[in-house]
Amino acid sequence: SKALTTAVMSTGKTYSEIADVYEAQPQYDAHVLNESVREYLGMLGSVPDMLHVHKGASQKVKDYTNREGEKDSEEEQNISLRYSTISAAVMAEVTHFHTQRNKDFNIMMREFLSSQLEFHSKICTKLQAALAQYPE
């Protein structure tokens with residue numbers, strides 16, 4: 001029948017539209033999420049340098065305290081103070097990074113999943129419209 005032929009052709013068009021929606025979708029969620037994760041990978045690249053500076057400061061304290069002979073108490077106090085400052089700065093950076101990461105990933109995942117819900121809703125709407133063209 002003509003109605004059935006029209007419905008089948010319309011269904012084919014619907015699947016073509018769904019393919020277009022699939023093709024366009026990554027720019028709204030997957031690419032955005034990927035870029036955000038890449039930003040974090042870049043930030044994580046600085047962590048070894050930060051830990052290296054901390055390790056160097058720690059080693060300087062050990063070297064000074066294990067040093068043979070006469071030690072200057074003022075110099076020892078200065079070395080300890082610099083080490084404490086570096087340790088506090090490293091811990092503050094790590095704490096800030098973790099806090100910000102939790103916030104950012106929460107936002108990123110909420111946006112990703114919201115976009116996915118919208119994406120799948122579009123597909124369901126198109127399929128429901130195609131189904132409605134077939135009489136019971």
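Is threonine 11 buried or exposed? At 16% relative accessibility, threonine 11 counts as buried, where buried means under 20% relative accessible area, exposed over 50% and partly exposed in between (1.4 Å probe, protein chains only). The views below come from a predicted model, in which local features need pLDDT of at least 70 and side-chain atom pairs count only at pLDDT 80 or more, while totals for chains, interfaces and linings use all residues. Residues are numbered from 1 along each chain as its sequence is written, and side-chain values use heavy atoms, with hydrogens and water left out.

**View A. Threonine 11 in helix 1.** Threonine 11 has its place in helix 1; helices are DSSP runs (H or I, at least four residues), as strands are (E, at least two), and are numbered from the N terminus. Apart from neighbours within four places in sequence, threonine 11 is in contact with Ala130 and Tyr134. Contact means heavy atoms within 4.5 Å.

**View B. Packing of helix 1 against helix 4.** The axes of helix 1 and helix 4 are 9 Å apart, and the two helices pack at an angle of about 175 degrees. Axes are lines fitted to C-alpha atoms, for helices over the stretch in contact, and angles run from 0 to 180 degrees between N-to-C directions. Helix 1 and helix 4 are therefore roughly antiparallel to each other. Angles over 145 degrees count as roughly antiparallel, under 35 as roughly parallel, 65 to 115 as roughly perpendicular and the rest as oblique. From helix 1, Thr11, Thr14, Tyr15, Glu17, Ile18, Val21 and Tyr22 meet Phe119, Lys122, Ile123, Lys126, Leu127 and Ala130 of helix 4.

View C. Two salt bridges are present in the structure, a salt bridge being a side-chain nitrogen of Lys or Arg within 4 Å of a carboxyl oxygen of Asp or Glu. One joins lysine 13 to glutamate 17, with the closest N and O atoms 3.8 Å apart. Both of these residues lie in helix 1 (residues 2-24), four residues apart, about one turn of the helix. Lysine 13 counts as exposed at 54% relative accessibility, and glutamate 17 counts as partly exposed at 27%. Glutamate 17 also forms a salt bridge with lysine 126, where the closest N and O atoms are 3.4 Å apart. Glutamate 17 is in helix 1 and lysine 126 in helix 4 (residues 73-132), so this pair ties together parts that are 109 residues apart in sequence. Through shared partners, the salt bridges join Lys13, Glu17 and Lys126 into one network.

View D. Lysine 126 is found in helix 4 and is partly exposed, with a relative accessible area of 25%. Not counting residues up to four places away in sequence, lysine 126 touches Thr14, Glu17, Ile18 and Val21. The C-alpha atoms of lysine 126 and arginine 101 are separated by 37 Å, with the two residues 25 residues apart along the chain.

**View E. Arginine 82 and alanine 57.** Arginine 82 is found in helix 4. With a relative accessible area of 46%, arginine 82 is partly exposed. Arginine 82 and alanine 57 are 25 residues apart along the chain, and their C-alpha atoms are separated by 7.8 Å.

**View F. Glutamine 25 in the loop between helix 1 and helix 2.** The loop between helix 1 and helix 2 contains glutamine 25. Glutamine 25 counts as buried, at 6% relative accessibility. When neighbours within four places in sequence are left aside, glutamine 25 is in contact with Ser115, Gln116 and Phe119.

**View G. Packing of helix 2 against helix 4.** Helix 2 and helix 4 have axes 10 Å apart and pack at an angle of about 170 degrees. The two helices, helix 2 and helix 4, are therefore roughly antiparallel to each other. Ala30, Leu33, Ser36, Val37, Tyr40, Met43 and Leu44 in helix 2 meet a set of residues in helix 4, including Phe97, Phe105 and Phe112.

View H. Val37, Leu41 and Leu44 make a nonpolar surface patch of about 250 Å². Patches are made of residues with over 30% relative accessible area and no salt bridge; like charges are joined within 9 Å and nonpolar side chains (Val, Leu, Ile, Met, Phe, Trp, Tyr) within 5 Å. Accessible areas come from the Shrake-Rupley method with a 1.4 Å probe, and for residues only the protein chains shown count as cover. Leucine 41 lies in helix 2 (residues 30-44) and is exposed, with a relative accessible area of 56%.
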